[in-house]
Amino acid sequence: MAGNLIARSVHDLTAAAWFGGSLMGAIGLNGAAAQAKDPAERTRLSSAGWMKWAPFQTAAFASHLVADLAIAWENKGRIAKQEGVARDTVIKTAVTVVGAAVTLYSGVLGKKVEKLAGEGAEGATEPHGAASDELKSAQQQLKALQWAIPGFAALVIILGAKHGEMQRPKNVLAGLRRD
């Protein structure tokens with residue numbers, strides 16, 4: 001049991017940080033920033049909060065990757081021999097990579113919004129009528145991504161739980177490939 005305890009804990013905690021941080025940012029940080037009286041402050045405050053979170057998010061992704069590799073190494077035999085484990089590993093890896101790319105892209109958009117903060121806005125992801133097309137586009141994309149990102153993180157958590165269930169003895173025995 002101890003062989004995977006640290007890796008699994010890091011894996012789950014970093015996925016939880018991704019999920020919780022992105023959801024809190026979308027609801028709490030962006031919601032609070034929208035309350036600023038000065039329209040130029042709304043995007044600036046939101047961007048400042050996201051930039052403070054970015055190093056922790058990056059560390060969480062890096063730690064998650066290391067934990068994933070450790071878990072895969074420890075389970076390489078099961079991945080090769082138990083029906084469905086390799087497929088689910090590929091799916092979970094793809095979801096993680098796409099989710100990380102979407103998260104990174106939202107950071108790029110966030111920097112663009114920060115650069116254009118002087119134009120003002122209704123909220124962190126809500127442009128006002130006089131906003132430039134560049135700001136409107138970035139904010140509209142961020143509005144969608146702020147909800148997609150916790151969705152990716154939730155899916156990674158769910159797929160991790162499925163992997164855990166596949167390790168139950170009855171599921172391992174049922175899924176062993178007969179070569």
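Start by selecting Leu-104, Tyr-105 and Val-108, which together make a nonpolar surface patch of about 310 Å²; a patch joins nonpolar side chains (Val, Leu, Ile, Met, Phe, Trp, Tyr) within 5 Å and like charges within 9 Å, using residues with over 30% relative accessible area and no salt bridge. Accessible areas come from the Shrake-Rupley method with a 1.4 Å probe, and for residues only the protein chains shown count as cover. The model is predicted, so local features need pLDDT of at least 70 and side-chain atom pairs pLDDT 80 or more, while totals for chains, interfaces and linings use all residues. Residues are numbered from 1 along each chain as its sequence is written, and side-chain values use heavy atoms, without hydrogens and water.

Val-108 belongs to helix H4, residues 85-115, where helices are DSSP runs (H or I, at least four residues) numbered from the N terminus.

Next, select Lys-92 and Asp-68, whose side chains form a salt bridge at 3.2 Å, N to O; the term means a side-chain nitrogen of Lys or Arg within 4 Å of a carboxyl oxygen of Asp or Glu. This pair links helix H4 with helix H2 (residues 39-74), across 24 residues. Lys-92 is buried at 5% relative accessible area, where buried means under 20%, exposed over 50% and partly exposed in between (1.4 Å probe, protein chains only).

Then move to Glu-126 and Lys-143, which form a salt bridge with closest N and O atoms 2.8 Å apart. Because Glu-126 lies in the loop between H4 and H5 and Lys-143 in helix H5, the pair ties together parts 17 residues apart in sequence.

Key: Helix = DSSP H or I, 4+ residues; strand = E, 2+ residues; numbered from the N terminus.
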